[in-house]
2 protein chains.
Amino acid sequence: MADSQKKLSTEAYKGVRDFYPEEQAVQNFMFDTLKRFVEKVGYVEYGASILEPAELYRSKGAENAEMVNEQTYTFTDRGDREVTLRPEMTPTVARMVAARRRDLGFPLRLYSIPNVFRYERPQKGRLREHWQLNVDIFGTKSSYADAEILGVAYGIMRTFGAKESDFVIKVGSRSYLDAFAKERGLTDEQYKTLRRLLDAKDKMTAQEFEAGLSELEIEPGMLSADNPPADIEQMLKEFAAANINNIVYDPSIVRGFDYYTGMVFEVFNTNPENRRALFGGGRYDNLTALFDDEPCPGVGFGMGDVTLRDFLASRNLIPAYVPPTHVYIAITSPELAGKAQTFAGDLREAGVNVAIDFGDRKLADQIRMASKHKIRHLIVLGEDEITSGNIKIKDMESGDESLLSKADVAAFLLKA
Amino acid sequence: MADSQKKLSTEAYKGVRDFYPEEQAVQNFMFDTLKRFVEKVGYVEYGASILEPAELYRSKGAENAEMVNEQTYTFTDRGDREVTLRPEMTPTVARMVAARRRDLGFPLRLYSIPNVFRYERPQKGRLREHWQLNVDIFGTKSSYADAEILGVAYGIMRTFGAKESDFVIKVGSRSYLDAFAKERGLTDEQYKTLRRLLDAKDKMTAQEFEAGLSELEIEPGMLSADNPPADIEQMLKEFAAANINNIVYDPSIVRGFDYYTGMVFEVFNTNPENRRALFGGGRYDNLTALFDDEPCPGVGFGMGDVTLRDFLASRNLIPAYVPPTHVYIAITSPELAGKAQTFAGDLREAGVNVAIDFGDRKLADQIRMASKHKIRHLIVLGEDEITSGNIKIKDMESGDESLLSKADVAAFLLKA
């Protein structure tokens, strides 16, 4: 059909990933671990389409409008609607909560692992599409909700096997900073400059940072880690009492998005060669006001799969690939495919995951396929085995062979 | 912040769905059931981005180019690349298989549950975004692979609890039809007309259908269900021997896509009020030739979530919603939130999924929230309970209350 045409490239679109089984298994391992953990703390899953009206992102102010135009996939559909491929999940979940505010029960704990899109130059750790765990609590201003969200961030890292020394959670406060700016009489413009300065602190020398502060007539000591706001101090005390010691106050944590209103935090890798922020979040008490006169407070975070995967890989915390298939059945002649399928059917009934070969390649090649797919056990089925009911199972890892009667095969495989 | 602005709509983009927890749970139920079943038969999961170069869909011929222009979300990115939101998964998986043909082992069984996009007028069962189980075997022309794919389609329906009488699988043959058209000397145009006629058979009267055939000088009996091709007949015999009796030959099954080359099938609802096709697929032996001189044969199908969900709902096969959270802890005063979290932490350690209330609402309202979230068990924690260690657990379904010592709570909840 296409032989006369120019061949198409087999490459994926620029900046996105193909997930062959071994890569997909890593995604599944991460997502399953995340789901299990957040469900333990009472979060329930929601979902939404990647397609959202563009105005959802434009409405957050002029800066965001620029972000929508420059950094998102936004296009006009055939009904003349402007559509954006969601660049983050928070506006979507805020929209959904606002839509059913009267029916939903609060506090409401929600999570999702959506894919999100950014139109940016692909580079290490920054792809055009990535997945992102989103964890949020709606409907409460309790500082214990802030603490729970920090606890979830901490717990996720620990549940993957990270040690406390592998990461640090730095907590800042937008409400404290707001009050500070007001007290110091900073103009809106000056306050924005201050936030940008704090956000960029790690990228400049202490001198540059202090020079920036002094232009705003702020002495460095006033925004120092030794001088935490009372609510944050109390929270850190309670974490210390629970023997959690890598959550610290850091006034330079402000987060980029305008919608944060209270506690904000970022989780950092402590590896000296890669001290980057892994993920972060905070409190946003006014976001649903975009939709609704009665705002519904929220606190939460987003955690991307690419940075998580890089972190886990660097700490050797990703398990080796094991396919879901327990056993591969090779056959000595293609006519036996039907009988192999019947035998496989009995094993499946008993709970074993079984793939059969159709016998259209030589036996040696069939056996090689079991290894290629990394399936642990192999059975070679021939007329003899079918007649006698004696089945030899080969462990492809150890090379051990076990001879069993047909009726015992399922139990043997399920135990292995 | 946004109070002075016009409020945004809380509606989702037209033709797509929001999944609140109860709806997401149905998706999870369907997807988990599908995954478990296909993994039992040896399929492994892969994934890919929804973004694909538009040429992937255009290259299948002029008709498809029209489909890409009219029925897909296609736009030009800022790098002047034409991008399409995938309308189906088969071209993507063919691309991926072609890309690593030399490294992958065959037969290769792959599955994925991607979301796919069509730009069409939203109507019942036809949304702009839906999810679709894709199951494929690559690298074999064995008719046992065709039979396995039919067996998977059958097995999925049964594993959801459908009876044989609830559905019928109609099998056709593109290769038989190709040979028939050649033998009868039909021109390409006439053959296309014949396929369209067969495809539309259910939508016309017997007279209209026969009139169409006679224009092509074909007697109705030549393409009748009583006259199956030999390979299909043999396959149906083997299904009957395995006591599977709702897979039948139907020459009118041709499938829309041009890429099919052999066995094709569709699964129909037998409900007289809704005899629609639920899903279908077939053999496509040349698709990877778009990328590669050596084509890799394939056979598989795609099953959409919307039709599956409608089918299951109409047969009462969707289980009632149960949240992942086992117990809700209400507190008699907000100061107890920290202690509730500590107690919850112990339960979680033991394997219980626990949500706590932060106590910023009245106790009666907190208890109402447990019901609203449909959480089965409730614990009210006050100073007394903390001091005495005696915990009362209420079963919100039966109303039963059990008084337990703190140490026994986890075991009790896990048993329930």
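The model is predicted, so to read it well: local features need pLDDT of at least 70, side-chain atom pairs count only at pLDDT 80 or more, and totals for chains, interfaces and linings use all residues. Residues are numbered from 1 along each chain as its sequence is written, chains are lettered from A and ligands numbered from 1 in the order in which they are written, and side-chain values use heavy atoms, with hydrogens and water left out.

Helices (H or I, at least four residues) and strands (E, at least two) are DSSP runs, numbered from the N terminus.

- In chain A, helix H7 (residues 188-199) and helix H8 (residues 206-215) have axes that come within 10 Å and cross at roughly 170°. Here an axis is a line fitted to C-alpha atoms, for helices over the stretch in contact, and angles run from 0 to 180 degrees between N-to-C directions.
- H7(A) and H8(A) are therefore roughly antiparallel to each other.
- Leu194(A), Leu197(A) and Leu198(A) of H7(A) make the contact with Phe209(A), Gly212(A) and Leu213(A) of H8(A), where contact means heavy atoms within 4.5 Å.
- Sorted by class, this contact of H7(A) with H8(A) has five nonpolar, one polar and no charged residues. Nonpolar covers Ala, Val, Leu, Ile, Met, Phe, Trp, Tyr, Cys and Pro; Asp, Glu, Lys and Arg count as charged, and the others, Gly among them, as polar.
- In chain B, the axes of helix H7 (residues 188-199) and helix H8 (residues 206-215) come within 10 Å and cross at roughly 170°, so H7(B) and H8(B) are roughly antiparallel to each other.
- On the H7(B) side, Leu194(B), Leu197(B) and Leu198(B) meet Phe209(B), Gly212(B) and Leu213(B) in H8(B). The residues of this contact divide into five nonpolar, one polar and no charged.

**Helices with a buried face in chain B**

- Helix H6 (residues 174-183) of chain B has Arg174(B), Leu177(B), Phe180(B) and Ala181(B) as its buried residues. Buried means under 20% relative accessible area, exposed over 50%, and partly exposed in between (1.4 Å probe, protein chains only).
- Down the axis of H6(B), these buried residues fall within an arc of 120°, so they line one face of the helix. The arc is that of the directions from the helix axis to the C-beta atoms.
- Lys182(B) and Glu183(B) are exposed residues on the face of H6(B) turned away from its buried side.
- The cover over the buried residues of H6(B) includes strand E8 (167-173), H7 and strand E10 (263-269) of chain B.
- After H6(B) comes Gly185(B), with a positive phi near 70°.
- In helix H12 (residues 363-372) of chain B, the buried residues are Gln366(B), Met369(B) and Ala370(B). They fall within an arc of 100° when seen down the axis of H12(B), so they line one face of the helix.
- Strand E13 (327-331) and strand E15 (377-381) of chain B pack against the buried residues of H12(B).

**Strands and sheets**

- Chain A holds an open sheet of three strands in the order E2-E4-E3, with antiparallel pairing; two strands pair if DSSP finds at least two bridges between them.
- Strand E2 (51-53) and strand E3 (74-76) of chain A stand at the edges with a single partner strand each, so one side of each is left without a neighbour in the sheet. The twist averages 35° from one strand to the next.
- E3(A) pairs with strand E4 (residues 82-85) of chain A in the antiparallel sense over three bridges, and Thr84(A) in E4(A) is the bridge partner of Thr74(A).
- Strand E11 (residues 277-284) of chain A is mostly covered, with seven of its eight residues buried.
- Five bridges join E11(A) to strand E10 (residues 263-269) of chain A, and the two run antiparallel; Val267(A) stands opposite Phe279(A) in E11(A).

**A buried loop residue**

- Asn353(B) sits in the loop between helix H11 (337-349) and strand E14 (354-356) of chain B. Asn353(B) is buried, with a relative accessible area of 10%.
- Not counting residues up to four places away in sequence, Asn353(B) touches Glu39(A), Lys40(A), Pro324(B), Thr325(B), His326(B) and Val327(B).

Technical notes
Angles under 35 degrees count as roughly parallel, over 145 as roughly antiparallel, 65 to 115 as roughly perpendicular and the rest as oblique.
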